Amino acid sequence: MRTTGHVLYENDLGYNVRVCGAAMPQYRFLHMPGVDVLGDQTREWLTVRQCSSVAHQYGREETIAEVYGCTGWEFDFEGQKRLGDWLLVNGINRRCQHMMQYSIAGCRKRDYPPVFNYQNSWWEYDGLMEDYFARMAACAATGEAARDLLVIHPISSLWCTTGSHPDEDLGRVEMNMGWTDAHIVAGNIEGDKCNRLAEALLRAHRDFDFGDETILAERGAVDGNLLTVGEGRYRAVVVPEVCSLFASTVELLNRYLDAGGKVIWLGDAPELVEGAPDGRCKALYSRDGVRHAEGESGLLHALNHLLPNEVHIERRTGGEDDQILTMLRRCGEDCLLIAVNSDKTNRREVRITLPVWGRVVAYDAWTDEKRVLPCCTDARGTAFIDALEPAGSRVYFVEHDQAPHSDELRFSYEHPHRTERVFAALGPVAEFERTAPNALPLDICRCTLNGELIADGMEVWQAQRILRDRLGMRQIYANGIPQRYTWEQNDTAAPFEMCFDFEVADVPQGRVQLAVEKSAGLRVQLNGSDCAPTGEWFLDRSIDCFALEGLKPGVNTVSISGLYTDKRELEEVYLLGDFAVDNARRIVREPERLHFGDWCFQGYPHYSGGMIYRFRLPDPPANRRIVLKLGSYGGVLVEVRVNGARADVLFGACRRESDLTPLLRASDNLLELCVIGSPRNLLGPFHRAYDGCSRISWEDFRTEGRWHCDGYTLKPYGLMGQITLKEED
């Protein structure tokens with residue numbers, strides 16, 4: 001049996017001290033140590049470095065991250081790749097996606113989405129992303145990480161300073177326990193200093209490990225002029241701003257200095273040893289072999305003198321490019337470098353120097369393609385120039401036994417008034433086809449209980465809240481911690497009815513269905529007539545479809561009724577079919593063509609499937625490459641098809657161009673661009689009166705008061721910008 005997982009509240013040191021004491025010592029007992037990174041953000045350098053440091057020191061080849069939770073239903077392929085790349089270059093080589101649900105019935109739609117399963121619009125393309133990360137992980141497992149720098153972890157100082165507020169209720173088991181406690185906030189602020197230090201080192205291409213003092217006491221040693229921690233071997237040690245150290249740490253650093261080791265100390269001399277006043281730290285601080293520095297810039301300056309960097313990523317204008325993150329791995333006499341562009345907007349052309357002499361091969365893990373790069377050699381090693389697209393990545397191999405492809409290195413030059421040869425400009429109007437039925441969620445209802453009107457013009461969840469309160473049942477609108485483990489059983493069963501009104505301006509010619517969740521035992525009616533189940537399901541196998549026959553111009557009413565029990569979860573219902581929805585939320589006739597721009601304003605405000613835009617191309621010139629250049633768009637990804645065959649899958653800013661030449665015929669060519677949507681505009685959140693939240697939770701779907709808006713907040717989807725076909729030699 002192999003163990004894995006993550007510790008609670010590993011991301012902030014104030015929480016860390018209160019909840020688990022220290023994260024790093026606990027990782028040593030896991031075969032595959034892991035972390036949890038929530039939201040669409042790459043700011044938790046401390047979180048991931050604590051884990052990857054222990055893995056390196058204990059020889060754990062695999063690390064894992066629970067990732068993508070709380071990013072929302074709209075999370076796209078660019079976000080998956082960008083966040084996964086950031087984790088990988090920081091030493092986390094496995095992703096555990098949050099989460100794969102067998103069903104998204106009830107409150108599970110709001111269990112910190114998205115869901116990585118068939119319910120998601122882009123699920124059929126997920127294998128492409130998994131193949132990419134499998135290749136990247138294979139590269140990240142090759143050789144050994146070149147981490148020659150050790151940073152003492154400051155957790156023992158926080159043990160000395162973190163207290164507890166006398167009014168804090170430690171008996172509460174809540175997700176926000178202690179968030180407002182002043183002692184924890186102060187600890188988090190100290191932890192943020194450590195997080196900024198880690199980021200500064202990594203952006204300067206100074207790969208490092210943290211040294212936890214408990215682990216140092218157990219595995220720390222001096223070998224020649226190196227300090228070792230298990231399998232980690234370090235040529236220099238950094239002591240950050242601390243107020244206390246273990247006695248064993250002081251003794252280890254003294255022995256390391258006696259052997260000619262290099263120590264850089266930030267801030268003032270500590271007054272304490274193991275929390276008690278003691279002069280041993282001051283004596284160590286004052287030794288001749290210790291270099292003192294102030295702040296991140298002072299540390300980097302000191303490192304440049306004591307420990308020359310092996311990796312150089314230089315901008316065209318000179319100096320290190322701190323937007324390119326790297327991991328250098330030694331492979332015998334060879335080496336490889338994983339490089340990730342953390343800049344989401346700009347393409348970055350850089351000169352890279354690595355400490356091995358040989359041939360340079362660049363590897364694109366998305367396309368699985370390699371190319372040999374021109375390079376030159378000097379005293380520092382092998383240098384070459386390459387460009388990384390926004391949020392792009394590359395792996396570089398330097399093969400010591402292969403002769404370098406030598407050349408004079410020059411950054412590319414483009415005239416400021418350069419123009420591209422355009423073969424064709426497409427749009428801004430196109431024929432189109434949906435890949436799924438259009439949908440209109442109905443979330444405003446009237447509700448009766450035992451024949452009494454208890455809610456009118458309310459959202460379904462609000463009506464159900466009243467209903468359950470009247471029946472003495474525990475509330476289920478919140479995805480709270482107890483909700484996950486307990487479900488109170490109330491034997492009450494009472495008749496209820498929920499009615500939804502909608503307006504039809506143009507009666508659809510084709511069939512229209514109503515999707516109702518967990519419909520067993522429910523009666524479904526349209527304008528007073530029973531609706532028959534069709535045997536189909538929508539989005540999730542728990543959402544059943546009913547035929548809506550007899551739609552009429554004007555206001556129509558669908559109702560669901562039955563006995564309400566404790567196990568019942570009432571959710572929005574969905575109209576499905578070949579229709580459009582206007583800005584007044586009326587059912588209208590579909591447009592014949594789609595304009596570039598947000599499809600939400602063209603009849604599809606809640607559409608979650610793929611939208612195929614079709615273009616007939618002029619005949620291509622002979623012996624020329626035709627490259628598609630995708631403009632801005634809203635969607636998870638864009639599939640490019642030429643004459644019915646897939647040419648490419650594009651997404652984000654890192655993959656915006658595709659060579660169409662291999663699939664083009666001499667004449668009569670059809671180009672299809674399928675923009676893949678997401679369930680965001682179908683499942684919400686709809687009524688938030690705010691934006692910019694980096695961690696989507698159930699509360700964003702259940703807003704009231706000043707956090708609520710009556711209108712529907714939607715995410716734009718569709719082709720937005722100009723699409724061109726370029727001619728290239």
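The structure is a predicted model, in which local features need pLDDT of at least 70 and side-chain atom pairs count only at pLDDT 80 or more, while totals for chains, interfaces and linings use all residues. Residues are numbered from 1 along each chain as its sequence is written, and side-chain values use heavy atoms, with hydrogens and water left out.

The chain holds 14 helices and 50 strands. Helices (H or I, at least four residues) and strands (E, at least two) are DSSP runs, numbered from the N terminus.

**Overall build**

- The radius of gyration of the chain is 30 Å, which agrees with the value near 27 Å that a compact globule of 729 residues would have. This radius is taken over C-alpha atoms, and the globule rule is 2.2 Å times the number of residues to the power 0.38.
- Along the principal axes, the C-alpha atoms fill a box of roughly 90 × 80 × 45 Å.
- Of the 729 residues, 54% are buried. Buried means under 20% relative accessible area, exposed over 50%, and partly exposed in between (1.4 Å probe, protein chains only).
- Among the contacts with a separation of 6 or more, 76% link residues 24 or more positions apart; a contact means heavy atoms within 4.5 Å.

**Surface and charge**

- The accessible surface is about 30800 Å², and carbon and sulfur atoms account for 48% of it. Areas come from the Shrake-Rupley method with a 1.4 Å probe; for residues, only the protein chains shown count as cover.
- The chain has 80 positive and 108 negative charges, and their mean positions lie 2 Å apart. Lys and Arg count as positive and Asp and Glu as negative, without His and the chain ends; each charge is placed at NZ of Lys, CZ of Arg, CG of Asp or CD of Glu.

**A three-stranded sheet**

- Strands E12, E14 and E15 form an open sheet in the order E12-E14-E15, with mixed pairing. Strands E12 (244-245) and E15 (276-277) are at the edges with a single partner strand each, so one side of each has no neighbour in the sheet.
- Two strands pair if DSSP finds at least two bridges between them. E14 (residues 272-273) is joined to E15 by two bridges in the antiparallel sense, with Leu 272 opposite Pro 277.

**Strand E19 and its partners**

- Seven of the eight residues of E19 (residues 334-341) are buried.
- E18 (residues 324-331) runs antiparallel to E19, with eight bridges between them; Met 327 stands opposite Ile 338.
- The two strands E18 and E19 make a hairpin with two residues between them, and Gly 332 in the turn has a positive phi of about 65°.
- E19 also pairs with E25 (residues 393-399), antiparallel and over six bridges. Here Leu 337 faces Tyr 396.

- Most residues other than glycine have a negative phi, and most peptide bonds are trans.
- Pro 113 and Pro 114 are joined by a cis peptide bond with omega about 20°. Pro 114 lies in the loop between E4 (94-97) and H5 (126-140).
- Tyr 112 is in the loop between E4 and H5 and has a positive phi near 55°. Tyr 112 is buried, at 15% relative accessible area.
- The bond from Gly 427 to Pro 428 is also cis, with omega near 5°, and Pro 428 is in the loop between E26 (422-426) and E27 (429-434).
- Leu 539, in the loop between E35 (533-538) and E36 (540-547), has a positive phi near 70°. Leu 539 is buried, at 13% relative accessible area.
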